[in-house]
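Please read it with the coordinates open.

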Amino acid sequence: MTKAYSAPHEGVVSETVAGTSTGPDALGSSSPRVLLVEDDDGDAFLVEELLAEVGEIPDLLRVSSIAEATGRLGQVDCVLLDMNLPDSSGLDGLARLLEVVDHPAVVVLTGDLDETRGRAAVAAGAEDYLIKGKVNGRLLTRAVQYAVERRRADRLTRQLQEARAQERENRRLGRGLLPTALLRDPALTVTTRYQPGEKRLLLGGDFYDAIETDDGTVHVIIGDVSGHGPDEAAIGVSLRIAWRTLILAGMPAAHVLPILDQVLVTERHDTILFTTVAMVSVAADRSHVDLYLAGHPPPLLIDGVRPRPLPDHALGVPLGVRLGTTWPSIRVPLPANWALLLYTDGLVEARDDDGEVLWTDGLLDLLGSRLHTAGPAWDARPDDLLDALLAAVDRRAPLRGDDLAVALITHIPAEARQRAEWAYDPTPGASVRVRRDLLSFLSDRGIHPDTTDDALLVASELASNAVDHARTRFGVAAALDGRSLRLEVTDGSPAEPLLQVLDVHAPRGRGLQMVDTLATEWTVRHHETGKTVVAEIAITTEAVSDPDT
């Protein structure tokens with residue numbers, strides 16, 4: 001008498017087939033490889049005959065025990081598992097297979113007519129179960145094919161979840177490593193870039209920050225934690241936040257690095273981990289800068305179009321090398337129109353095709369060439385300068401493996417800025433007058449039409465908000481520094497404008513959404529007589545040409 005295996009019940013099979021519109025033939029061109037774990041020769045022969053009837057699964061391996069099966073799991077896509085074997089019984093064998101990392105799909109073979117053990121096996125992690133005595137070749141083949149696809153889908157889902165978790169972690173660390181500078185001086189601009197080593201999506205330990213304190217001093221730090229990865233990135237975040245906290249708390253600059261050294265030693269996961277740091281403190285009158293170096297390459301000072309490195313004769317050891325170390329400062333006078341380029345060693349330690357290291361001299365050559373090409377007005381387009389510099393480094397250093405962070409601080413004296421102020425009554429036609437006055441101001445100074453259009457929309461929306469909500473006399477100020485346009489709208493109401501969720505059907509509420517979209521940044525400052533809304537708009541300019549392209 002011919003024996004057969006069966007599916008648990010017809011409902012399960014019909015559900016599985018109905019869930020796939022194209023049928024098993026659409027599951028892939030390659031047939032699944034199957035491992036049969038069965039100690040009964042008769043049952044094993046029957047499985048071979050049933051699969052041969054259909055002919056879609058030609059690759060069938062057979063072993064007689066769980067011990068043999070665990071060594072073959074990497075060679076197959078699905079396991080047909082008998083629940084009564086010489087070295088296991090019941091769910092024990094299934095549990096041992098499921099403990100194997102990245103195990104294949106498992107379909108359980110059970111002789112229990114009440115299906116209880118089969119359902120328990122699925123609940124424990126098997127993809128499906130079959131009852132001995134009631135299945136034909138087509139149902140056995142489909143059970144294997146769909147089990148393989150379910151296992152593959154589960155694996156892809158898990159990988160996607162892990163990738164999303166890693167992406168969220170990288171974003172969180174990125175927000176900690178790459179902060180927004182806290183500067184009030186309109187004559188200063190900080191332009192930054194960050195690149196993971198070898199274009200990896202994994203963050204490294206490079207970090208930077210910039211803060212202007214109440215006395216007008218501007219402090220900037222850039223650091224490089226040895227190694228790269230989430231652990232090093234977390235250390236970088238800890239050091240940057242500790243540095244910002246110390247600066248905002250008024251800690252003298254000379255005392256900051258020793259405390260960061262202690263923080264690093266306390267927080268690091270490896271006793272040989274260290275961090276190099278360059279820190280500058282620019283005087284409130286912008287006449288000089290105090291430089292602190294802890295095993296880090298010196299920043300470059302740009303005077304007009306001439307770059308040169310700051311002195312490094314007081315170079316100290318990196319943080320984490322030795323407790324109790326002090327890092328003396330070097331005072332360097334600044335010209336009237338200056339810029340500072342701070343960078344991590346990923347910018348200068350890269351090697352070109354000939355194996356030569358770029359070092360600071362090579363960086364000076366590249367930067368000097370780009371400054372000469374851009375001319376004296378390069379500081380109106382610091383983003384373009386940095387992009388051209390990094391592109392040139394990448395062309396000369398295709399084998400760069402370290403992470404890279406760059407911070408460019410540019411200074412345009414107050415006399416080089418241009419400013420205008422107007423005052424208006426809260427009347428329905430005030431926004432029209434704001435647009436007219438601002439258009440005249442920008443047109444007289446040759447501002448690009450794209451910037452002008454954005455500025456007119458932002459100014460009009462902020463003015464309308466003052467008219468509709470503050471209902472007091474209000475002022476508008478516009479200031480140009482060659483890089484950005486700063487708009488200030490001051491009214492007599494303390495009520496802060498709120499950015500609402502965009503509703504395309506609502507008659508109001510879209511103004512601040514437009515401001516948020518067009519402005520690179522907008523903030524609200526409160527004062528005794530009301531508030532000032534400040535919006536920064538980037539000036540559209542032609543890109544810096546690159547002599548290497």
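1. Ground rules. This is a predicted model: local features need pLDDT of at least 70, side-chain atom pairs count only at pLDDT 80 or more, and totals for chains, interfaces and linings use all residues. Residues are numbered from 1 along each chain as its sequence is written, and side-chain values use heavy atoms, with hydrogens and water left out.

2. The largest pocket. It holds about 1,200 Å³ of space. Its lining has 42 residues, and the closest to the centre are Leu188, Thr189, Val190, Glu521 and Glu536. A pocket here is an open set of points on a 1 Å grid over the protein atoms alone, with protein on both sides within 12 Å along at least five of seven lines; lining residues have an atom within 4 Å of a point. Grid points are joined across faces, edges and corners, and a volume is the space filled by probe spheres set on the points.

3. What lines the pocket. The lining divides into 21 nonpolar, 8 polar and 13 charged residues. Nonpolar covers Ala, Val, Leu, Ile, Met, Phe, Trp, Tyr, Cys and Pro; charged covers Asp, Glu, Lys and Arg; the others, Gly among them, are polar. Elements that each supply at least two lining residues include strand 9 (188–195), helix 10 (382–396), strand 22 (521–527) and strand 23 (530–538). Helices (H or I, at least four residues) and strands (E, at least two) are DSSP runs, numbered from the N terminus.

4. Five strands form an open sheet in the order 19-20-21-23-22, with antiparallel pairing. Strand 19 (418–424) and strand 22 are the edges, each pairing on one side only. Neighbouring strands of this sheet are turned by 15 degrees against each other on average, direction ignored. Two strands pair if DSSP finds at least two bridges between them.

5. Inside that sheet. Strand 20 (residues 474–480) and strand 21 run antiparallel and share 6 bridges. Helix 11 (residues 430–444) lies across strand 19, strand 20 and strand 21, and runs at about 160 degrees to strand 19. Axes are lines fitted to C-alpha atoms, for helices over the stretch in contact, and angles run from 0 to 180 degrees between N-to-C directions.

6. Strand 4. How many residues of strand 4 (residues 78–82) are buried? The count is 5 of the 5, so strand 4 is largely enclosed by the rest of the structure. Buried means under 20% relative accessible area, exposed over 50%, partly exposed in between (1.4 Å probe, protein chains only). Cys78, Leu80 and Asp82 point one way, Val79 and Leu81 the other, and all are buried. In a regular strand the side chains alternate between the two faces of the sheet.

7. Partners of strand 4. Strand 2 (residues 34–37) runs parallel to strand 4, joined by 4 bridges. Val37 stands opposite Leu81. Strand 7 (residues 105–110) also pairs with strand 4 in the parallel sense, over 5 bridges. There, Val79 stands opposite Val106.

8. Ala405. Ala405 sits in strand 18 (residues 404–411). It counts as buried because its relative accessibility is 0%. Beyond four places in sequence, Ala405 touches Arg193, Tyr194, Asp206, Tyr208, Ile222, Leu342, Tyr343 and Thr344. Contact means heavy atoms within 4.5 Å. Ala405 and Gly205 are 200 residues apart in sequence, yet 9.7 Å apart in space, C-alpha to C-alpha.

9. Thr141 lies in helix 6 (residues 137–177) and is buried at 0% relative accessibility. Leaving aside neighbours within four places, Thr141 is in contact with Leu51, Val54, Glu56 and Ile57. Arg370 belongs to helix 9 (residues 359–374). Arg370 is also buried, with a relative accessible area of 1%. Its C-alpha atom is 8.9 Å from that of Val305, 65 residues away along the chain.

10. Cavities. The count is 2 cavities of 30 Å³ or more. A cavity is a set of grid points where a 1.4 Å probe fits but cannot get out. The second largest cavity holds about 40 Å³ of space. Its lining is Leu462, Asn465, Ala466, Val489, Asp491, Lys531 and Val533. Helix 12 (449–470) gives the most, with 3 residues. The lining divides into 4 nonpolar, 1 polar and 2 charged.
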